[in-house]
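Hi,

Here is the structure I promised to pass on.

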Amino acid sequence: MGWVVLGLIVVVVVWLIMTYNGLVAMRQRVNQAFADIDVQLKQRHDLIPNLVETVKGYATHEKETFDAVIKARNQAQAATGPHDQAVAEQQLTGAVGRLLALGEAYPDLKASANFQQLQQDLGNVEDKLAAARRFFNNAVSEFNAAIQAFPAVFFAPQMGFSPREFFDVGEETRKQIEVAPTVKF
């Protein structure tokens with residue numbers, strides 16, 4: 001009888017260790033995914049001043065657009081946490097979109113090889129950033145599900161595991177995004 005109890009205790013301890021290690025691995029995957037987003041955001045933030053300077057050479061009287069892009073970039077760099085970063089990056093995306101639209105108004109700019117290369121680089125970074133966000137949100141989803149699942153739900157909070165926040169733009173920004181833009185000719 002004593003061996004059965006000892007065997008049962010060993011099984012429970014091994015199971016707890018495996019569960020804990022699994023949660024630690026998932027938490028690290030979430031942290032790595034967030035770091036991957038940071039890398040892509042840094043690359044994006046580094047491209048934007050080059051893009052602004054290129055456009056300035058062709059469209060010197062578009063100061064309001066340039067200022068909006070720089071302000072949005074600075075806010076995005078200062079944002080902390082997934083939600084704040086998502087909102088700031090959404091504003092930056094809108095400002096950069098307005099900057100890129102200037103290419104249509106200035107044919108010389110649109111034909112510039114430097115402008116075209118910067119547009120292509122920015123597009124590549126945006127694609128990588130979207131993939132990094134999807135990976136992060138997937139890792140957060142798996143981690144949150146694991147700490148809320150039975151039986152980890154009983155001991156995960158005591159061991160320092162708490163739900164993580166998704167990289168989400170939030171309800172207010174989502175309402176703005178879902179509204180179709182108006183186009184005036």
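**Aromatic pairs and helix packing**

At 31% relative accessibility, Tyr20 counts as partly exposed, a label for anything between buried (under 20% relative accessible area) and exposed (over 50%), using a 1.4 Å probe and protein chains only. A word on the basis before the rest: this is a predicted model, where local features need pLDDT of at least 70 and side-chain atom pairs count only at pLDDT 80 or more, while totals for chains, interfaces and linings use all residues. Residues are numbered from 1 along each chain as its sequence is written, and side-chain values use heavy atoms, with hydrogens and water left out.

Back to the rings. There are six aromatic pairs in the structure; rings of Phe, Tyr and Trp (its six-membered ring) pair if their centres lie within 6.5 Å, and planes under 30 degrees apart count as stacked, over 60 as edge-to-face and the rest as tilted. One of them joins Trp15 and Phe155, with ring centres 6.2 Å apart and planes at 80°, so this pair is edge-to-face. Trp15 belongs to helix H1 (residues 2-58) and Phe155 to helix H6 (residues 152-155), so the pair ties together parts that are 140 residues apart in sequence. Helices here are DSSP runs (H or I, at least four residues), numbered from the N terminus. Trp15 is partly exposed at 37% relative accessibility, whereas Phe155 is buried at 14%.

Tyr20 has a ring partner too: its ring centre and that of Phe161 are 5.5 Å apart with the planes at 70°, so this pair is edge-to-face as well. Since Tyr20 sits in H1 and Phe161 in the loop between H6 and helix H7 (171-178), the pair ties together parts that are 141 residues apart in sequence. Phe161 is buried, with a relative accessible area of 2%. Tyr20 and Phe161 also form one aromatic cluster with Phe143.

Now the helices. The axes of H1 and H5 come within 8 Å and cross at roughly 160°; axes are lines fitted to C-alpha atoms, for helices over the stretch in contact, and angles run from 0 to 180 degrees between N-to-C directions. H1 and H5 are therefore roughly antiparallel to each other, the word for angles over 145 degrees. H1 passes H5 in a left-handed crossing, meaning that the near helix is turned anticlockwise from the far one by less than a right angle. Their contact has 23 nonpolar, five polar and nine charged residues. For the classes, Ala, Val, Leu, Ile, Met, Phe, Trp, Tyr, Cys and Pro count as nonpolar, Asp, Glu, Lys and Arg as charged, and the others, Gly among them, as polar.

Helix H3 (residues 82-105) packs on helix H5 (residues 113-148) at an angle of about 155°, with the axes 13 Å apart. That makes H3 roughly antiparallel to H5, and H3 passes H5 in a left-handed crossing. Contact (heavy atoms within 4.5 Å) involves residues of H3 including Val96 and Leu100, and residues of H5 including Phe115, Gln119 and Leu122. By class, the contact of H3 with H5 divides into six nonpolar, two polar and two charged residues.

Leu100 in helix H3 is partly exposed at 22% relative accessibility. Not counting residues up to four places away in sequence, Leu100 touches Leu51, Phe115, Gln119 and Leu122.

Cheers

Conventions: Helices (H or I, at least four residues) and strands (E, at least two) are DSSP runs, numbered from the N terminus. Angles under 35 degrees count as roughly parallel, over 145 as roughly antiparallel, 65 to 115 as roughly perpendicular and the rest as oblique.
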